[in-house]
Amino acid sequence: MLTTSSPKMTEDATLNDDEETKIDSKWGYIALTHTLPWFHKKGVEMEYDEYAHMTKMLRQGADSARGDDTSKLKALIAEWVNREFNPDHRVDPDDKHSRGFINDACGRLLCPAEFDWNNPVVKAGIRDRSEGYIVTDMSFPAFLYDKYQTNPDDLEEGLFKGKILLQAVFTSPSSAKDIEGDGDGADVIRNNRLAKKSFAGVKVKKHVRFALSSVNSWRSIDGDFDYIQFWRTIVNFFEKAPGREAHRRVDKLLEWWTRKVFGRSHRDNLSNTAKANMSVNALARQRAQRNDAAFDSP
C-alpha cells in the first residue's frame, strides 16, 4: 500500500481514512522504504506534483504486477482444480463465468469454513444467497485449509496449509508434485519474524480466491466479500495473535511455510565425525599434517 501524502505536507493535513487504514498505510510506507531505500530521501526533495506523479507511477506498476499475477493464476487454477477434483463440469481456463459457486469444484474451495459444501441445503443456500448463507470476508474459505477440510471445534487446525496455496506460491503447473515434501532451498526459519512482516502468502490468498470466483475484473469489494478486510484479517492473524500460545502456533505455521518453500536445514543434525570427514575439514587437516611433517624434517 503506497502512502498518499508527500513528506512535504504539513502536520495539519488530515486524513479521512479510519484508524486501521492509517496503520496499514504506515506499515505499507515502511515496507516500501525498506524495498526502495531511496524513496524517502527522493520524496523529501521533490515538489508535491513530482511526488504525486512518482507515487502514481508506482501504483500503476503495482496494478500491472497484480494483473500479471491474476492472469497467470486464472489458467493455472483451472488446471489445478481439474486435476485435483476431476469435476464433471471442467473449469475452463479461459472463461471465468464457469467458476464461482455455480461450479461444484470451485464452490467447494470457496465454501466458508463453517459450512459443509456436501450438504445440499448449504450448497443451495450459498448459490441463492439465502439468509444465513451469505458469503463474506468474515468467513475463511475452505481452500485455505489442509485437505480443504475444517474442524469446527478447532478452526485453526490446518488453516493456511491448503495445497492450492502452495501451488500458487510456486505458480508452476508441476508444483502439485513438488509440494508434498519440503522445499529444496536454504533454511531460513530464523527469519520468521521478517517473514511475518512481509508474508507474501497474504497476497496469494487474495489472488487465489479471485481466480476461483466468477468475477472477470479485479475489484476491492466483490458483492458481499471485501478483499481489503480479508487481507486485514489474515495479517491480523499473524500480527495480533492473542497470547503466548497463539504466538507459538503462528511461529510454527511460519516455520512450516518456510520449510515448504525454502527447505529444511539438516546441517545441525551432522555429527562431529561426519563433519570431520568432509573434504573441507579433511583437506585442512592434511595441509596441517604436511606442514608439520615439513617442519620436523631435517
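Reader: Does Arg129 count as buried or exposed in this predicted model?

Author: The reading rests on a cut-off: a residue is exposed when its relative accessible area is over 50%. The relative accessibility of Arg129 is 53%, so Arg129 counts as exposed.

Reader: How is Asp224 classed on that scale?

Author: With a relative accessible area of 32%, Asp224 is partly exposed.

Reader: With which residue does Arg129 form a salt bridge?

Author: The general idea is that side chains of opposite charge can pair when their charged atoms come close. In this structure the partner of Arg129 is Asp224, and their closest N and O atoms are 2.5 Å apart. Arg129 belongs to the loop between α5 and α6, whereas Asp224 belongs to the loop between β1 (221-222) and β2 (225-226), so the pair ties together parts that are 95 residues apart in sequence. The structure holds 10 salt bridges.

Reader: Where do Glu79 and Arg83 lie?

Author: Both are in helix α3, 4 residues apart, which is about one turn of the helix. Glu79 and Arg83 form a salt bridge with the closest N and O atoms 3.1 Å apart. Glu79 is partly exposed at a relative accessible area of 35%, and Arg83 is also partly exposed, at 43%. In helix α2 (residues 39-45), Glu45 and Lys41 are likewise 4 residues apart; their side chains meet in a salt bridge of 2.7 Å, N to O. Both Glu45 and Lys41 are exposed.

Reader: Which residues touch the most other members of the largest nonpolar core?

Author: In soluble globular proteins, nonpolar side chains tend to be buried together. Here the largest nonpolar core has 46 residues, and those touching the most other members are Ile77, Phe143, Phe160, Ile164 and Leu212. Elements giving two or more residues to this core include α3 (48-85), α9 (201-212) and α11 (244-262). Apart from it lies another core, of 7 residues, including Leu36, Met46, Tyr51 and Met54. Beyond four places in sequence, Leu212 touches residues including Ile77, Val81, Cys106 and Phe143.

Note on methods:
Residues are numbered from 1 along each chain as its sequence is written. This is a predicted model: local features need pLDDT of at least 70, side-chain atom pairs count only at pLDDT 80 or more; totals for chains, interfaces and linings use all residues. Side-chain values use heavy atoms; hydrogens and water are left out. A nonpolar core is a set of buried Ala, Val, Leu, Ile, Met, Phe, Trp, Tyr and Cys residues joined through side-chain atoms within 4.5 Å. Buried means under 20% relative accessible area, exposed over 50%, partly exposed in between (1.4 Å probe, protein chains only). Contact means heavy atoms within 4.5 Å. A salt bridge is a side-chain nitrogen of Lys or Arg within 4 Å of a carboxyl oxygen of Asp or Glu.
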